[in-house]
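Let's take a walk through a protein chain together. Keep the viewer open and turn the model as you read.

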Amino acid sequence: MSIPMANHQRIHPAVDVEAPPTIPLVSRGSPLSEKGSPARPRAPIQMHTIPITVSHAKPPKNGTGCCKCICWTISLLVLLLVIVGATAVILYFVFQPKLPTYSIDNLNISRLGLNIDMSLYAEFDVKITAYNPNKKIGIYYERGSQLSVWYTNKKLCDGSLPKFYQGHQNKTVLHVPLTGQTQYGSTLMTALQQQQQTGQIPLDLKVDAPVSIKLGKLKLKKVRVLAECLLVVDSLSANNVISIKASNCRYGMKL
């Protein structure tokens with residue numbers, strides 16, 4: 001017995017006409033992931049351009065100018081030193097300068113004793129010969145010179161040389177009076193008396209003389225001529241003949 005088959009009818013879901021249209025979750029043509037699920041779309045890479053400003057400013061010229069000025073100044077100074085040095089060497093070989101020399105010819109003592117206040121008072125008279133050994137150089141002795149006599153670093157008396165001009169290879173004899181007063185002279189007087197018993201009393205005579213050098217008609221700036229003469233005398237008795245047993249002088253110059 002055959003059972004008649006009913007007509008197969010397709011059932012379609014009801015469509016709500018008034019419902020808003022739906023947006024598909026995956027757009028057509030979108031790739032799928034390995035699991036079958038649609039792959040998330042990648043956000044587009046945004047490219048930002050950064051403007052680069054190229055500066056074409058010129059370097060300042062002040063630094064270069066200062067460097068050139070310093071270089072020129074140094075060059076001029078070096079050139080000036082070379083000229084001065086060369087001139088000095090030429091003058092030295094042309095004139096062959098030498099220091100003046102001194103010799104102590106005589107030493108007289110007018111007074112040497114103690115005052116009421118126990119200070120030591122001394123009056124000496126020194127006969128000294130100044131010699132200029134230069135053939136082409138004259139010497140002007142200026143004011144402000146000093147001639148002094150010392151005993152064991154104690155100044156006994158001092159005086160000054162006269163102002164005069166000394167020509168080439170000239171010898172000038174000078175008589176220089178010296179006076180002085182030393183505090184606490186009793187101790188110094190005792191030491192001098194004890195030394196006098198030996199017959200050998202060491203004295204130190206110092207010369208400090210400002211002089212100007214004459215080269216031809218040219219008069220140069222002042223320099224100081226220094227001399228130190230180590231003397232040995234037999235006595236320091238006043239108004240007696242004093243014998244100079246030894247004399248040794250050395251010389252120098254100070255600008």
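**A walk through the chain**

Start with Val82: its relative accessibility is 52%, so this residue counts as exposed, where exposed means over 50% relative accessible area, buried means under 20%, and partly exposed is in between (1.4 Å probe, protein chains only). Val82 sits in helix α1 (residues 62-95). Together with Ile70, Ile74 and Val78, Val82 forms a nonpolar patch on the surface, with about 360 Å² of accessible area in total. For such a patch, residues need over 30% relative accessible area and no salt bridge; nonpolar side chains (Val, Leu, Ile, Met, Phe, Trp, Tyr) are joined within 5 Å, and like charges within 9 Å. Accessible areas come from the Shrake-Rupley method with a 1.4 Å probe, and for residues only the protein chains shown count as cover.

A quick word on what you're looking at: this is a predicted model, in which local features need pLDDT of at least 70 and side-chain atom pairs count only at pLDDT 80 or more, while totals for chains, interfaces and linings use all residues. Residues are numbered from 1 along each chain as its sequence is written, and side-chain values use heavy atoms, with hydrogens and water left out.

Now zoom out. The chain has two helices and 10 strands, and from the N terminus on they run α-β-β-β-β-β-β-β-α-β-β-β. Helices (H or I, at least four residues) and strands (E, at least two) are DSSP runs, numbered from the N terminus. Of the chain's 255 residues, 27% count as buried.

Next, look inside. The largest nonpolar core has 44 residues, and Phe124, Tyr141, Leu156, Leu203, Leu205 and Val207 touch the most other members. Strand β8 (residues 201-215) gives this core its largest share, eight residues. A nonpolar core is a set of buried Ala, Val, Leu, Ile, Met, Phe, Trp, Tyr and Cys residues joined through side-chain atoms within 4.5 Å. Pick out Tyr141: leaving aside residues up to four places away in sequence, its contacts (heavy atoms within 4.5 Å) include Pro100, Tyr102, Phe164 and Val211.

How do the strands line up? Strand β4 (residues 146-151) runs antiparallel to β8, joined by five bridges, and Gln146 has Asp208 as its bridge partner in β8. Five bridges also join β4 to strand β5 (residues 154-159), again antiparallel, with Val149 partnered by Cys157 in β5. Two strands pair if DSSP finds at least two bridges between them. The hairpin of β4 and β5 has two residues between the strands, and there Thr152 takes a positive phi near 45°.

Finally, the charged pairs. The structure holds four salt bridges, each being a side-chain nitrogen of Lys or Arg within 4 Å of a carboxyl oxygen of Asp or Glu. In one of them, Lys219 meets Glu142, with the closest N and O atoms 3.5 Å apart. Lys219 lies in strand β9 (residues 218-233) and Glu142 in the loop between β3 (137-141) and β4, so this pair ties together parts that are 77 residues apart in sequence. Buried or exposed, what is Glu142? With 9% relative accessibility, Glu142 counts as buried, whereas Lys219 is partly exposed at 46%.
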